[in-house]
Amino acid sequence: MRVETISNQIRTGALDIVWSDGKRQRFTHAFLRGRCQCTECKSLQLRGKAEVLPVQLRITEIHPVGVYGVQLVFSDGHDRGVYPWTYLRELTQRHDQE
Ligand SMILES: [Zn+2]
């Protein structure tokens, strides 16, 4: 499955992904920050110590990581999160909650 477009709405803090099969996803930046898969964040999540993330948190940069996925850089300075496409594809955000 390929990603057709990925667009970052800085103002509203949403990241929109459109896949080649037409599936569309919208995630808030804070939601993605909270699901970072780097070693540091994963260990915090496992210990139940994930930080409370401000809704004003933003993705400031998006860097492609080969065909594997994207690296997201956040406004809190965190830049270690690589998000594989397969991981993003399976993520679901319930917008009535977050
Ligand atoms: Zn992380």
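## The sheet of β4, β5 and β6

Strands β4, β5 and β6 form an open sheet in that order, with antiparallel pairing. Strands here are DSSP runs of E with at least two residues, helices are runs of H or I with at least four residues, and both are numbered from the N terminus. Two strands count as paired if DSSP finds at least two bridges between them. At the edges stand β4 (59-65) and β6 (81-84); each has a single partner strand, so one side of each is left without a neighbour in the sheet. On average, neighbouring strands of this sheet are turned by 30° against each other, direction ignored. For such angles, axes are lines fitted to C-alpha atoms (for helices, over the stretch in contact), and the angles run from 0 to 180 degrees between N-to-C directions.

Looking at one pair, β4 and strand β5 (residues 69-74) are joined in the antiparallel sense over 6 bridges. Here Val 65 has Gly 69, in β5, as its bridge partner.

## A word on the model

This is a predicted model, in which local features need pLDDT of at least 70 and side-chain atom pairs count only at pLDDT 80 or more, while totals for chains, interfaces and linings use all residues. Residues are numbered from 1 along each chain as its sequence is written.

## The sheet of β1, β2 and β3

The order β1-β2-β3 describes an open sheet of 3 strands, again paired antiparallel. Its edge strands, β1 (3-9) and β3 (24-28), each pair on one side only. Neighbouring strands of this sheet are turned by 15° against each other on average, direction ignored.

Strand β2 (residues 14-19) runs antiparallel to β3, and 5 bridges join the two.

## The chain as a whole

In total, the protein chain has 3 helices and 6 strands. Read from the N terminus, its elements run β-β-β-α-α-β-β-β-α.

The protein chain has a radius of gyration of 13 Å, which agrees with the value near 13 Å for a compact globule of 98 residues. That radius is taken over C-alpha atoms, and the globule rule is 2.2 Å times the number of residues to the power 0.38. Along the principal axes, the C-alpha atoms fill a box of roughly 35 × 25 × 20 Å.

## Burial and contacts

How much of the protein chain is buried? Buried residues make up 16% of the 98 residues. A residue is buried if 20 or more other C-beta atoms, placed from the backbone, lie within 10 Å of its own; with 12 or fewer it is exposed, and in between it is partly exposed.

Among contacts between residues at least 6 apart in sequence, 37% join residues at least 24 apart. A contact requires C-beta atoms, placed from the backbone, to lie within 7 Å.

Definitions and conventions. Contact = placed C-beta atoms within 7 Å.
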